[in-house]
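Me: Can you walk me through some charged pairs here? I'm new to this one.

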Amino acid sequence: MSSEQRGQCPDHQIDTNGSDSYCWNDSKGVGSCLSCGLATWTDDKGRLWAKKTKGSKPYLIDQEGLLNPTSSKQGDAFSNTFNEEYDVLDDTEQQGTYKPMRGITKDTMEFFGVKVVEDLKWKAQNSKDKQWYEGTSDEVQFPYPTGSMKVRRLDLDKEHFAHFSIKGTYPHQLFGMNLFPAGCSKVVTITEGEYDAMAAWQMLKNGSFINPVVSVPGANTGQKVWQNCQKYLDSFDKIIVSEDNDGAGSKVTEVLFDLFPGKVYVMDHGQHKDANDFLQAGDGKAFKSAWWAAKRFSPAGFTSSADDWCKALDDENPYEYVTTPIEAFNKVGRGLVKGGLTVLKAPPGSGKSSMLRMLQHDQVVNKGQKVAVLMMEEVKSITGRAMASYELQKNVMTREDAEWAGVSEEDVKKALVKVVGEERFVSFEVNPQDPINDTLTKCNQAIAFYGVDFIYIDHLQRLAYLAGTDGATANLTELGVKLTELAKRKNVGIVPISHVNMDGSTKYAKSIEEEAIVLIELSRDREAEDMEERNTAYLTITKNRPFGTTGSAGALTYNSETTILTEKLGPQEPKAPNREDF
């Protein structure tokens, strides 16, 4: 993960209007602002120092208000350490020349006013080692309509020296927009870099036909740029985005879509990273073809074109499932399903938690799945001992139980380690002050940090009690909707337990029952005279959106000596599943 972050400059947070011109490199302890030129660094005591100009006196900054990052993704302009000092030793004005480079011709450079100053002498102190260095390098100067100039220094040691800077104020406009009058064509093309803008214009040039191409100052373009350029861009009927194939460009496209819905089209660069990559590879014709084939941008949540639909068939595997150790259940429901909620509902004391442990152990150990659990009515040691019990097939739920079973604590730990492996089985807790929101947060983190396949929540009513019964139904309704969307988007299975009312409905959570793609009911006669019957739980699938089959799904028997559930074969096993009539 990148150690660099973007956010507002600590020296002008008020007037940046959401700007993310400031870059902080946490691993190197240095930062810089592309807008105002502020340089920041930390000393050996961890204090933050700042300096506005090379002749000014350094001053301390309160780090509490330093940075509110908007993105950890860094553009090319912020990939290197900022220099505390950068002095050009030769103060004479050097006009520079129009020099072809990176496949871009001299004529194109001249059209965009981009000059190269060669052998510019410099002296710099590096922020990392505090040493002074001298050398020469070429400097490419990209003029912006505001009169500011974005400068790229070539042939510098990127480990030690920044190679982008701004001369003048930050250019809150588009590079090249002064060369193409508003509305001069039906189509405008936007790239993410100045080289790309020049390369695209050169490849698209066709006689006297005006084909405007402009560039944003960076992938993380701030709000002021869009404010200043909104009328200009809106003067065109169509906006084609030539975004880099590195993930950063999607932010630019999404902002443009919000501002100009229906006008934004996106190119598919294929194997090429950007427009300049096309040019340097000699694939100008391929770029033109990609440009003409640009497709209307569909924001997240919309599938419109034929290609989008076919891509969905290629990329998505709806209702993946994992078989369970309950054969009768698998015959009816196939297994536990991903991409939605599988709600297990039953009265208290029916054996729901025991069933979850059975399923969790089988998924982790036998199916190679990663599982996260929120077990709200037990401490972590009970959760761990339950997994060890299933691994050993002996009751080690307490130290006393383990001793009676002839199992040492060392062997209990070995059994648990065998189950959890490399973070295959993860337990989490939620903040009792905000249980609903924190549950959703923890579920997201379990997926992002540990890559879990299934999440178990035991149980929903406990979340409602923590949040307050006055708004329990509304809280659980919101949680159910958001968990459903999370399961679909991330293709995970979420299995919450729900207690039921006297009428058999889920308590406070009728909406979650409606959100579920699979509904499993568990029943047990706790008053039965026959001990075997008293220790038998019956499964029924009453809702099965993925596969349509419902009905009796087998029975489980509980061994009080080992605390293990096993499938009970016999008359309860369904002969043929029922199929719902849709």
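Me: Which residues are linked in a network of salt bridges?
Reply: Lys345, Glu513 and Glu521. Keep in mind that this is a predicted model.

Me: How many salt bridges does the count come to?
Reply: The count comes to 16 salt bridges.

Me: Ok, pick one. What does Glu194 form a salt bridge with?
Reply: Its partner is Lys150, with the closest N and O atoms 3.3 Å apart. Glu194 lies in helix α2 and Lys150 in strand β10, so the pair ties together parts that are 44 residues apart in sequence.

Me: Is Glu194 buried or exposed?
Reply: Glu194 is buried, at 4% relative accessibility. Lys150 is buried too, at 5%.

Me: What about Lys338, which residue does it form a salt bridge with?
Reply: Asp453, with the closest N and O atoms 3.0 Å apart. Lys338 sits in the loop between β18 and β19, and Asp453 in the loop between α13 and β22, so this pair ties together parts 115 residues apart in sequence. Both residues are buried.

Me: And Lys568, which side chain does it meet in a salt bridge?
Reply: That of Glu532, at 3.3 Å from N to O. Lys568 is buried, with a relative accessible area of 14%. Glu532 is partly exposed, at 47%.

Me: New topic. Where does Glu429 lie?
Reply: Glu429 is in the loop between β21 and α13. Glu429 is exposed, at 53% relative accessible area.

Me: Which side chain does a polar contact join to Glu429?
Reply: The side chain of Lys380, at 3.3 Å. Leaving aside neighbours within four places in sequence, Glu429 is in contact with Leu374, Lys380, Asp438 and Lys442.

Definitions and conventions. Residues numbered from 1 in each chain as written. Predicted model: local features only at pLDDT ≥ 70, side-chain atom pairs only at ≥ 80, totals over all residues. Heavy atoms only, no water. Helix = DSSP H or I, 4+ residues; strand = E, 2+ residues; numbered from the N terminus. Buried < 20%, exposed > 50% of the residue type's maximum accessible area, 1.4 Å probe, protein only. Contact = heavy atoms within 4.5 Å. Polar contact = N/O pair within 3.5 Å; in protein donor to acceptor, adjacent residues only side chain to side chain. Salt bridge = Lys/Arg side-chain N within 4 Å of Asp/Glu carboxyl O.
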